[in-house]
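Open the structure in your viewer and keep the selection tool at hand. Each stop below names what to pick and what to look for.

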Amino acid sequence: MILPLAAVGAAAGTLAWGTYGPASPLFGRVTARGSRQGRVLYLSFDDGPRPGVTERILDTLAKENVPAAFFLVGAAVRRHPAPARDVAAAGHEIGNHTRSHRKLHRLGPASIRTELVGGHQDIVEVTGEIPRAFRAPHGYRNPFVARVARRLRYRTFGWTFGVWDSERPPAEEIRRRVRAQLRPGAIILLHDGDGYDPEGSNPRGDRTPTAEALPGIIADARAAGYDFHPLAELLG
């Protein structure tokens with residue numbers, strides 16, 4: 001009896017890893033880190049755009065000549081087209097983060113397709129850019145997600161580390177958390193919006209601390225000998 005129970009426990013653990021692990025390949029290929037050769041980092045931002053925050057992040061990236069990837073929520077793109085177009089105009093990689101930031105592991109094939117195709121259409125129609133990259137909200141996936149992503153010719157991305165900046169710690173704390181986890185090839189997860197607040201009206205969705213932390217994050221990484229590369233080089 002012990003052996004079957006152990007097998008069930010192991011299967012449940014594997015299923016949870018595949019569902020919730022942002023780097024897990026169980027439910028399809030996912031890119032969560034670049035090459036470990038060389039001191040290269042990749043910046044990525046989720047859940048935007050959000051007026052006043054996305055633009056501030058773009059200003060810092062332009063000033064420091066740093067590329068980034070923005071995984072945009074379709075509903076926010078529709079609501080705030082100007083900063084979405086600014087991301088495209090600046091030449092940063094634009095990825096699909098679904099239309100309404102639903103947790104995809106709870107959905108069936110039809111609903112997943114609605115989320116991915118809807119977000120794709122929102123981004124294309126507003127920015128003129130065709131997304132090549134996709135990241136699931138929270139990184140949560142099930143076997144149906146990869147199928148839809150492949151049909152859209154997406155590369156699915158996870159991340160190497162995040163710093164819970166969505167909980168709005170002070171800017172210096174965000175900076176410290178990033179500095180402590182720097183490693184070659186890391187895809188860094190940050191946020192410029194709140195996926196559950198496409199209107200941008202909830203103060204809890206304000207990612208100003210992340211925007212304030214960004215200059216220091218870039219300075220710390222460069223002081224440690226790192227360069228920032230565009231996520232596009234991992235698209236193949």
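Start with Arg79, which is partly exposed at 43% relative accessibility. Bear in mind that this is a predicted model.

**Stop 1: a pair across the sequence**

Arg79 sits in helix 3, residues 74-79, and Glu199 in the loop between strand 7 and helix 8, so the pair ties together parts that are 120 residues apart in sequence. Glu199 is partly exposed, with a relative accessible area of 44%; the limits for that class are 20% and 50%.

**Stop 2: a buried pair**

Now select Arg50 and Asp197. Here too the side chains form a salt bridge, with an N to O distance of 3.1 Å. What does the pair tie together? Arg50 belongs to the loop between strand 1 and helix 2, and Asp197 to the loop between strand 7 and helix 8, so the bridge joins parts that are 147 residues apart in sequence. Are Arg50 and Asp197 buried or exposed? Both are buried.

**Stop 3**

Select Arg177 and Glu173, whose side chains meet in a salt bridge at 2.9 Å, N to O. The two are four residues apart in helix 7, which means about one helical turn separates them. Arg177 is partly exposed at 25% relative accessibility. Glu173 is also partly exposed, with a relative accessible area of 23%.

**Stop 3: a network**

Select Arg78, Arg99, Asp122 and Glu125 together. Salt bridges link these four in a network. How many salt bridges does the structure hold? The count is 14.

**Stop 4**

Beyond its neighbours within four places in sequence, Phe70 touches Phe45, Thr54, Ile57, Leu58, Leu61, Val87, His92, Glu93, Ile94, Gly95 and Asp192.

**Stop 4: Thr60**

Select Thr60, in helix 2. Thr60 has a relative accessible area of 12% and is buried, because the cut-off for buried is under 20%. Leaving aside neighbours within four places in sequence, Thr60 contacts Leu214, Pro215 and Ile218.

**Stop 5: the largest pocket**

Finish by displaying the pocket surface. The largest pocket has a volume of about 560 Å³. Its lining counts 24 residues, and those closest to the centre are His138, Trp164, Ser166, Leu189 and His191. Select strand 1 (40-48) and strand 7 (187-191), each of which supplies at least two residues of the lining. Now colour the lining by residue type. How does the lining divide? Eight residues are nonpolar, nine polar and seven charged.

Conventions
Residues are numbered from 1 along each chain as its sequence is written. This is a predicted model: local features need pLDDT of at least 70, side-chain atom pairs count only at pLDDT 80 or more; totals for chains, interfaces and linings use all residues. Side-chain values use heavy atoms; hydrogens and water are left out. On a 1 Å grid over the protein atoms alone, a cavity is a set of points where a 1.4 Å probe fits but cannot get out, and a pocket is an open set with protein on both sides within 12 Å along at least five of seven lines; lining residues have an atom within 4 Å of a point. Grid points are joined across faces, edges and corners, and a volume is the space filled by probe spheres set on the points. Ala, Val, Leu, Ile, Met, Phe, Trp, Tyr, Cys and Pro count as nonpolar, Asp, Glu, Lys and Arg as charged, and the others, Gly among them, as polar. Contact means heavy atoms within 4.5 Å. Buried means under 20% relative accessible area, exposed over 50%, partly exposed in between (1.4 Å probe, protein chains only).
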